[in-house]
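Dear colleague,

I am passing on the structure we spoke of, and my notes on it follow below. Please read them with the model open beside you.

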Amino acid sequence: MNKMDATFLEEAKKRSGEDLSLCYQCLKCTAGCPTAPIMDIRPNNIIRMIQMGMKQEVLGSSAIWLCVSCETCGTRCPNKIDIGVLMDALREMAIDEGIHAKEKNIHLLHEAFIDSIRRGGRVHEATMLIDYKLRSKDFLTDLVPGMMLFMKGKIPLLPSLVKGRGEIKRIFERCKK
Amino acid sequence: MRLTIYDSRIMKKLGVFICHCGVNIAGTVDVKSVAGKVGSVGDVAHSTDYIYMCSEPGQQLIREAVREKGLEGVVVACCSPSMHENTFRKAVKSEGMNPYLCEIANIREQCSWVHQKEKEKATEKAEEIILATLEKVRENEKLEAISVSINRSVLVIGGGIAGMTAALDLAEGGYEVILLEKEQALGGHMTQLSRTFPDLHPALPDLLTKALEIEKHPGIDLHCYSEMEDVKGYVGNFELTIRKKATHVDWEKCNECGLCIRDCPVEYVSQFERGLGVRKAIDLLYPQSVPHKPVIHRSHCRYFIDGSCRRCEEVCPEKAIRFEQEDERIGKKVGAIVVATGFELYPRERLGEYGYGEIPDVIDGLALERMLSVDGPTKGRIIRPSDGKVPKEMVFIQCVASRDPDRYMPYCSRICCMYTAKQAKIYKEQVPDGQPYIFYMDIRSDGKGYEEFLQKTIEEKGLLYLRGRVSRVFQDDGKVRVLGVDTLTGRMVEVAADMVVLATAVVPSDGVKDLAAKLRATVDRHGFWTEAHIKLYPVESSTKGIYLAGCGQSPKDISDTVSQASATASKIQALLSTDKLLQDPLIAFVDENICSGCGICVEICPYEAREMDSQRGISVVHSALCQGCGACIAACPNFACELRNNSSIQTLRMLDTFVTAGARE
């Protein structure tokens with residue numbers, strides 16, 4: 001039994017800027033989602049559960065972390081709901097709420113990725129991957145494909161830095177605020 | 001048994017025209033071979049086939065053959081007579097041939113379509129059907145359409161928006177209209193509505209404009225507080241008896257001062273206010289009602305109960321009160337009748353679900369409309385009937401007694417999805433911190449601008465739609481608890497609501513079955529008027545001269561009702577545009593030498609077309625009333641009744657053709 005609470009819906013609307021009330025459950029988003037088959041809650045149900053005020057279930061789901069932001073859903077949605085943007089907002093809300101990401105490593109990869117950009121203004125794969133491996137303490141997964149990419153020169157040793165690193169720094173500082 | 005009468009047959013020159021209907025017939029039936037075989041029959045002077053006989057070149061073939069070969073009878077072997085009988089009869093008529101000497105042999109619906117896998121047998125059957133039809137044509141008489149003079153005025157039964165629209169359209173077209181309304185004022189259920197979807201216009205001003213126009217229209221004879229007592233006659237010539245119920249107020253004298261209403265000591269629960277308000281024993285139907293005249297309601301008036309009060313009579317400055325007044329019966333004649341009997345909501349006492357009738361804060365959609373009306377019992381404010389508080393959690397339940405074939409009504413009531421959205425929207429405007437919940441099965445918003453209205457409402461007002469039916473509604477600690485399920489998440493839902501609004505099913509008005517019997521028109525098993533054809537004749541009833549408009553035919557919203565009422569009005573204008581009405585002459589007749597005057601046919605005729613001629617001691621046929629159904633022919637113990645061009649001899653000969661052909665195999 002669940003007593004409905006509209007505050008989560010309002011919060012999610014505000015954070016994402018998407019009008020989630022418009023969803024009429026046509027399931028176009030889920031039908032085209034490449035990660036929907038491995039999601040614990042499918043994209044259409046995420047929206048429905050937000051409407052129903054099921055905050056803990058949504059923010060604690062692995063689905064919000066499995067979304068790869070390919071934007072297929074948002075492109076196809078007849079009501080112009082950008083679910084990719086919504087998923088981003090939900091991830092932020094989960095972090096703010098201190099809800100541990102169900103897909104821990106995905107969250108860590110996001111952090112390693114952002115830190116790499118913070119350092120050089122552009123992703124440096126080699127240091128980013130080492131950073132990720134250290135964070136996740138998962139050293140063996142994808143080791144072989146990683147080596148093959150390295151052999152083909154896809155993971156350069158030296159970072160390619162952008163010129164406006166000062167600006168990048170300022171962007172990050174402003175985002176913090 | 002061979003029929004000796006065979007020999008007395010007069011030989012005619014006959015023509016047979018076989019249609020391919022593209023591949024519909026020719027794909028199964030070998031039309032060329034059939035044309036050849038039929039052509040060899042003695043009296044067939046012409047036999048041919050063509051790809052589309054109904055096309056202009058096809059009809060040209062028929063006309064030429066009739067003209068050049070002097071044909072005296074024609075059989076067109078094609079589709080069902082309901083499709084093109086008229087087309088071919090007109091074609092032969094243009095060549096001076098009597099149209100009733102042209103008959104259709106149906107070799108499509110009754111042959112090629114149902115025997116697609118048996119081509120040889122289908123070809124044989126087509127040939128037999130044509131031979132049998134030739135037998136019929138041989139005995140056909142030359143008939144003339146029956147001309148009936150018509151009365152060019154119209155009766156409209158029901159003064160709701162449907163009847164009002166039809167009456168106004170007809171009156172504007174120059175026809176005299178008699179408008180009958182059972183309540184004391186015009187407007188029907190639309191007078192109870194607040195604002196209407198999708199434009200949210202207030203219902204009453206639009207309605208009153210029309211009502212005032214009707215009241216003043218010289219072409220409209222308005223009879224409020226009146227009912228239909230009896231109908232006799234047929235299309236073009238209906239004879240009516242109208243019962244004007246006693247209002248106990250002389251409406252001619254009444255100056256509408258309202259003193260009688262003010263001083264009446266009796267208050268009782270108002271049906272118009274859906275039980276949320278009271279009215280006086282002498283009262284108007286609603287404050288702005290048209291006609292703006294009061295009626296004394298006998299069952300509540302103290303004078304009529306025990307003679308203890310004559311207050312209204314005392315205060316009336318015009319001495320218009322008439323306690324002694326009795327119902328009056330008036331006779332009228334009209335040519336056509338519009339049935340616009342409207343709807344009711346599913347009755348509370350038959351529902352027995354959702355706490356309806358037990359929990360005061362569970363009301364129906366029409367009751368909420370009364371609340372939302374500025375002149376309603378709460379002056380437009382939504383409050384709980386139990387304690388007058390503003391409801392913060394409001395549950396709307398759709399499909400109550402609709403779409404439930406097992407227990408209630410199987411059909412969709414069509415208006416509830418939209419009015420519920422509208423009501424939830426108005427609620428949210430009135431109570432911005434309130435939460436509306438809407439339990440639904442499907443959302444149906446098929447009218448112009450409806451889906452947009454719905455989506456906009458959901459977007460702006462944050463309505464929460466819950467897909468699923470409600471399992472239980474019960475009172476608990478001053479709240480109305482609603483248990484249900486949201487099938488989109490698969491979770492059980494419980495709402496502690498302050499108020500529940502039921503979108504109950506639309507059902508036909510009381511008394512339609514009696515009226516249908518009087519009019520000899522049919523209603524379906526729910527009591528909705530049956531149309532002559534759901535797609536092609538949707539405003540004609542099953543009885544000629546009786547037309548349909550509004551929710552009495554099926555649930556519909558105001559836009560559709562007005563469209564249908566106007567359609568009905570223009571159909572009637574076409575019917576009454578001439579002084580004479582031509583009727584099919586294919587009706588019953590009586591052989592006066594055989595008829596014994598037993599009267600069985602009089603009893604059995606569903607159209608009251610049979611009558612005893614007491615002087616001659618025989619039964620006669622009222623040709624304008626007879627629909628040619630054949631009931632009297634089957635019932636007549638002496639074989640004295642026959643149908644024109646459908647005689648027993650013709651039928652036996654046709655059967656004989658089939659039987660002989662069958663014996664040949």
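In this predicted model, chain B is divided into five parts by the domain assignment, namely domain 1 (4-143), domain 2 (144-245 + 328-342 + 511-582), domain 3 (246-326), domain 4 (345-507) and domain 5 (584-644). Between domain 2 of chain B and domain 4 of chain B, the C-alpha centres are 32 Å apart, and the contact draws on twelve residues from domain 2 of chain B and 19 residues from domain 4 of chain B. On the side of domain 2 of chain B that touches domain 4 of chain B, five residues are nonpolar, four are polar and three are charged.

As for chain B as a whole, there are 19 helices and 36 strands, and its C-alpha atoms fill a box of roughly 90 × 70 × 40 Å along the principal axes. Of the 665 residues in chain B, 46% are buried, and among the contacts in chain B with a separation of 6 or more, 70% are between residues 24 or more positions apart.

Turning to the interface, 14 residues of chain B are in contact with 14 residues of chain A. On the side of chain B that touches chain A, the elements giving two or more residues are α14 (450-461) and β26 (491-497) of chain B, and β26(B) provides the largest share, five residues. That side of chain B, where it touches chain A, is made up of six nonpolar, four polar and four charged residues.

With best wishes

Notes: Residues are numbered from 1 along each chain as its sequence is written. Chains are lettered from A and ligands numbered from 1 in the order in which they are written. This is a predicted model: local features need pLDDT of at least 70, side-chain atom pairs count only at pLDDT 80 or more; totals for chains, interfaces and linings use all residues. Two residues are in contact if their C-beta atoms, placed from the backbone, lie within 7 Å. Helices (H or I, at least four residues) and strands (E, at least two) are DSSP runs, numbered from the N terminus. Ala, Val, Leu, Ile, Met, Phe, Trp, Tyr, Cys and Pro count as nonpolar, Asp, Glu, Lys and Arg as charged, and the others, Gly among them, as polar. A residue is buried if 20 or more other C-beta atoms lie within 10 Å of its own, exposed if 12 or fewer, and partly exposed in between; C-beta atoms are placed from the backbone. Domain bounds come from an automatic or database domain assignment.
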